[in-house]
Amino acid sequence: MAQVVVVDRDGKEHQVDAATGQTMMEVLRDSGDFGVAAICGGVCSCATCHVYVDAAWSPKIKGRHNDETEILTALEAYNPDTSRLSCQIKFTPELAGIKVTVAPEE
Ligand code: FES
């Protein structure tokens, strides 16, 4: 078990446990009340798992696929540099310590 850093919508940082194979959405949804609804269950269709990935960590994560980009760019809170759907980020040991910020609810 490793830990990740989650910044909630009030700007408060939390250390949260993450296991290899979980998606970041599952980490957020299962580890506390960050308001991540994950309505679609992680199939890249609801955008309720939107997060901002700290810029230093972006190169360590697999890039966005077209469906993810399409959904993200339709959001008001979209940030071209840091926005990701957390259900599309698989946690691996290399991501221990990753910092993500929960995006505003839309
Ligand atoms: S959980 Fe629905 S898009 Fe990620």
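Is Cys44 buried or exposed? Cys44 is buried, at a relative accessible area of 11%; buried stands for under 20%, exposed for over 50% and partly exposed for what falls in between, using a 1.4 Å probe and protein chains only. Before the views, a word on the model: it is predicted, local features need pLDDT of at least 70, side-chain atom pairs count only at pLDDT 80 or more, and totals for chains, interfaces and linings use all residues. Residues are numbered from 1 along each chain as its sequence is written, and side-chain values use heavy atoms, with hydrogens and water left out.

View 1. Cys44 sits in the loop between α1 (24–31) and β3; helices (H or I, at least four residues) and strands (E, at least two) are DSSP runs, numbered from the N terminus. Cys44 isn't a glycine, yet its phi is positive, about 65°. Ala47 lies in the loop between α1 and β3 too, and its phi is near 70°. Ala47 counts as buried, with 12% relative accessibility. For background, most residues other than glycine have a negative phi.

**View 2. Strand β5 and its partners.** β5 pairs with β1 (residues 2–7) in the parallel sense over three bridges, where pairing takes at least two DSSP bridges between the strands. Val6 stands opposite Val100. With β3 (residues 50–53), β5 pairs in the antiparallel sense, again over three bridges. In that pairing, Tyr52 has Thr101 as its bridge partner.

**View 3. The largest nonpolar core.** This core has 30 residues, and Val4, Val6, Val36, Val53, Leu85, Ile98 and Val100 have the most contacts inside it. A nonpolar core is a set of buried Ala, Val, Leu, Ile, Met, Phe, Trp, Tyr and Cys residues joined through side-chain atoms within 4.5 Å. Two or more residues each come from β1, β2 (13–18), α1, β3, α2 (66–73) and β5. The biggest giver is α1, with four residues. In soluble globular proteins, nonpolar side chains tend to be buried together.

**View 4. Around Val36.** Leaving aside residues up to four places away in sequence, Val36 touches Met25, Leu28, Arg29, Thr48, Cys49 and Val102. Contact here means heavy atoms within 4.5 Å.
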